[in-house]
Amino acid sequence: VFFVVDDKGEYVATAALWNGTFLGKAEQRVHWVAVKDKCAGKGIAGAMLTHVLDMFTELGFKGLIFLLTATWYYPAIGIYRKFGFEFFRGDAHPMGEAVENFREKNDEAVAMVEEKLAAYKK
């Protein structure tokens, strides 16, 4: 876990490399990427993602790294996409949660997010 502190000593952002479970397997995940609104748009989230991904490599992890987010965080999803993260496409919830018609609901959510991202970029 690490934090970004501004020149006044205020914590303005945080992110972590964390243990998680993805499709029943222990994997590393990007966790709690958060930047205070007053600092948004200054490249802090991208710098934090770079640092987390560097830590992943430096600690000797290989293979999958994942993250979870909500469909309404379009700016964050756009940043994650720039770093190579992709939408999960599967038949069941990757965290093992019971979700009826997961594939259909997931496809709808991905389509909605892609539409919002396209509008957000304009």
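Predicted model: local features only at pLDDT ≥ 70, side-chain atom pairs only at ≥ 80, totals over all residues.
Phe3 lies in strand β1. Phe3 belongs to a nonpolar patch on the surface, together with Val1, Val5, Tyr11 and Trp18. The accessible area of these residues together is about 550 Å². Two elements, β1 (2–5) and β2 (11–22), each give two or more residues to the patch.

Side chains of opposite charge can pair when their charged atoms come close. The structure holds six salt bridges. One of them joins Glu10 to Lys36, with 2.7 Å between the closest N and O atoms. Glu10 sits in the loop between β1 and β2, while Lys36 sits in the loop between β3 (25–35) and α1 (44–58), so this pair ties together parts that are 26 residues apart in sequence. Glu10 is partly exposed, at a relative accessible area of 28%. Lys36 is partly exposed as well, its relative accessible area being 38%.

Glu10 also forms a salt bridge with Lys38, where the closest N and O atoms are 2.6 Å apart. Lys38 is in the loop between β3 and α1 and Glu10 in the loop between β1 and β2, so parts that are 28 residues apart in sequence are tied together by the pair.

Another salt bridge is formed by the side chains of Asp107 and Arg89, at 3.3 Å from N to O. Asp107 belongs to helix α3 (residues 102–121) and Arg89 to the loop between α2 (74–82) and α3, so the pair ties together parts that are 18 residues apart in sequence. For Asp107 the relative accessible area is 31%, which makes this residue partly exposed. Arg89 is likewise partly exposed, with a value of 44%.

The next element to follow is helix α1. The helix has 15 residues and reaches 21 Å from its first C-alpha to its last, close to the 21 Å expected at 1.5 Å a residue. Its buried residues are Ile44, Ala45, Gly46, Met48, Leu49, Val52, Met55 and Phe56. These buried residues pack against the strands β1, β2, β3 and β4 (65–67), and also against α2. After α1 comes Gly60, whose phi is positive, near 85°.

The aromatic rings provide a further set of contacts. With ring centres required to lie within 6.5 Å, the count comes to seven aromatic pairs. Phe88 and Phe102 form one that is tilted, with 6.2 Å from centre to centre and 50° between the planes. Phe88 is located in the loop between α2 and α3 and Phe102 in helix α3, so the pair ties together parts that are 14 residues apart in sequence.

Note on methods:
Residues numbered from 1 in each chain as written. Heavy atoms only, no water. Patch = residues over 30% accessible without salt bridge, like charges linked within 9 Å, V, L, I, M, F, W, Y side chains within 5 Å. Areas by Shrake-Rupley, 256 points an atom, 1.4 Å probe, with all protein chains shown as cover. Salt bridge = Lys/Arg side-chain N within 4 Å of Asp/Glu carboxyl O. Helix = DSSP H or I, 4+ residues; strand = E, 2+ residues; numbered from the N terminus. Buried < 20%, exposed > 50% of the residue type's maximum accessible area, 1.4 Å probe, protein only. Expected span 1.5 Å × (residues − 1). Contact = heavy atoms within 4.5 Å. Phe/Tyr/Trp six-rings, centres within 6.5 Å; stacked < 30°, edge-to-face > 60°.
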